[in-house]
Amino acid sequence: MINLLNSTLTEAEIAGILESAPKRPLLPPLGSPDWRRLADNPTVRSWMAPLREMAERERLEPLPVLTDALYADFYATGVRLRFEVLYFERRRRLARAAMCALIDGDSAGDHWITSVISKLDDIAHEESWALPACLRTVATGKDAREIDLFCAETANLMGEMITVFGKVLPGELQTFIKERLNTQVFDNYIKRHHEFWWPVGLNNWNAVCNQGVVGAALAVDADTGRLAKLLVLLRKSLPFYLSGFGKDGASSEGPSYWGYGFGWFTVLNEQLENRSGGRLSLVEGDAHVQQIARYGPAVSLPGFNFVNFSDSAPTGILNPATLTYLGDRLQEESCRIQGGINYRRLAETGLTLNAGRADFFYFARLFLRCPSELPGTLQAPQDDTLFGDLGVVIV
């Protein structure tokens with residue numbers, strides 16, 4: 001396995017690897033046993049009951065409308081939430097319908113598929129996927145060429161919806177989505193890479209925006225030449241993100257942003273390894289990545305408190321799906337233990353379905369990685385930890 005970020009592979013060599021890789025979906029398609037078995041998972045069943053009840057109420061309702069006035073509201077008033085509350089609610093409703101369609105199976109398949117198609121079509125046709133607050137100086141609040149965190153996240157969402165629901169989505173909707181991704185996202189990223197600030201950013205924007213763009217391309221772009229161009233640009237960009245962590249793996253953005261930026265980085269690694277047939281990686285043999293992975297569990301304190309920095313929350317839990325993946329992929333025991341602790345916590349408390357990021361990206365991985373039997377009482381190691389670069393000691 002070749003670490004793309006440390007390699008000197010040419011575009012042609014990368015394209016050749018992708019061309020020869022087995023074509024397999026980056027997430028299980030509708031009807032896959034991977035989704036069906038979740039119906040027998042006790043924790044997933046407990047999560048699905050309130051989710052299904054909410055989705056049923058929403059099934060025939062139109063999504064909240066993003067009006068011109070709402071798009072322009074931030075520029076006019078400096079208030080971002082009136083737009084964003086509805087923007088994220090639209091994506092949460094799609095996620096709830098999608099999870100019902102995947103887990104409830106054939107007995108209610110058509111019942112939910114209609115809801116998924118309607119909601120996906122509405123989001124796909126939004127005039128701008130970027131948040132007005134990320135545009136700042138645009139009076140309309142719209143810019144179809146801007147790639148911010150949430151345009152990128154929506155691009156990945158579109159790629160995953162086609163991956164998972166492709167066999168039941170109308171052909172014209174798939175064509176529209178792919179054409180929009182090709183022009184607004186993939187080609188735009190290639191042509192204007194030097195104009196965006198985040199490809200050389202040291203913070204979470206770099207990882208999240210790259211994941212959204214490249215993750216979507218890995219999912220649906222059949223043009224391996226263009227995909228190779230994207231990966232060459234990714235190779236230039238992601239080292240800046242990783243350099244934002246100290247030599248000790250610590251982040252001054254704090255644990256919540258570790259969960260966001262590094263969480264999306266790990267998903268992109270999984271997507272790349274899957275799409276390349278295990279030949280390309282972002283983490284293989286990288287000792288610094290291993291240290292970064294250890295940071296999340298180390299700053300997760302008993303009682304679900306955090307060692308808190310920046311505007312991260314002082315309490316909460318890191319995504320157990322991210323921790324579980326890191327534990328398995330990197331053989332990092334601290335991540336595996338903390339992932340088990342956090343899965344047990346969510347099994348006991350339930351999911352917050354109105355949380356800002358309770359979307360398909362979150363649900364799909366959280367559910368698929370949820371163990372069928374939760375581990376018994378786990379205790380994270382309480383060893384003293386020194387993050388010398390950050391200037392933090394945990395004792």
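This is a predicted model: local features need pLDDT of at least 70, side-chain atom pairs count only at pLDDT 80 or more; totals for chains, interfaces and linings use all residues.
Residues are numbered from 1 along each chain as its sequence is written. Local features need pLDDT of at least 70 and side-chain atom pairs count only at pLDDT 80 or more, while totals for chains, interfaces and linings use all residues; side-chain values use heavy atoms, without hydrogens and water.

**Exercise 1.** Classify the packing of helices H12 and H13 by angle, and list the residues that meet.

Solution. 
1. Helices (H or I, at least four residues) and strands (E, at least two) are DSSP runs, numbered from the N terminus. H12 covers residues 255–275 and H13 covers residues 287–298.
2. Axes are lines fitted to C-alpha atoms, for helices over the stretch in contact, and angles run from 0 to 180 degrees between N-to-C directions. The angle here is about 140°, and the axes are 10 Å apart.
3. Angles under 35 degrees count as roughly parallel, over 145 as roughly antiparallel, 65 to 115 as roughly perpendicular and the rest as oblique. H12 and H13 are therefore oblique to each other.
4. With contact taken as heavy atoms within 4.5 Å, Pro255, Trp258, Phe262 and Phe265 of H12 meet Val289, Ile292, Ala293, Tyr295 and Gly296 of H13.

**Exercise 2.** Classify the ring pairs Tyr189 with Trp198 and Trp197 with Trp205, and state the burial of each residue.

Solution. 
1. Rings of Phe, Tyr and Trp (its six-membered ring) pair if their centres lie within 6.5 Å; planes under 30 degrees apart count as stacked, over 60 as edge-to-face and the rest as tilted. The structure holds 19 such aromatic pairs.
2. For Tyr189 and Trp198 the centres are 6.0 Å apart and the planes are at 35°, so this pair is tilted.
3. Trp197 and Trp205 also form a tilted pair, with 5.1 Å between centres and 45° between planes.
4. Buried means under 20% relative accessible area, exposed over 50%, partly exposed in between (1.4 Å probe, protein chains only). Tyr189 and Trp198 are both buried. Trp197, at 46%, is partly exposed, whereas Trp205, at 17%, is buried.

**Exercise 3.** Locate Ser310 and Gln331, and decide whether each is buried or exposed.

Solution. 
1. Ser310 is not a glycine, yet its phi is positive, about 55°. Ser310 sits in the loop between strand S4 (305–306) and helix H14 (320–329).
2. Gln331, likewise a residue other than glycine, has a positive phi near 55°. Gln331 belongs to the loop between H14 and helix H15 (333–349).
3. Ser310 has a relative accessible area of 58% and is therefore exposed. Gln331 is exposed too, with a relative accessible area of 58%.
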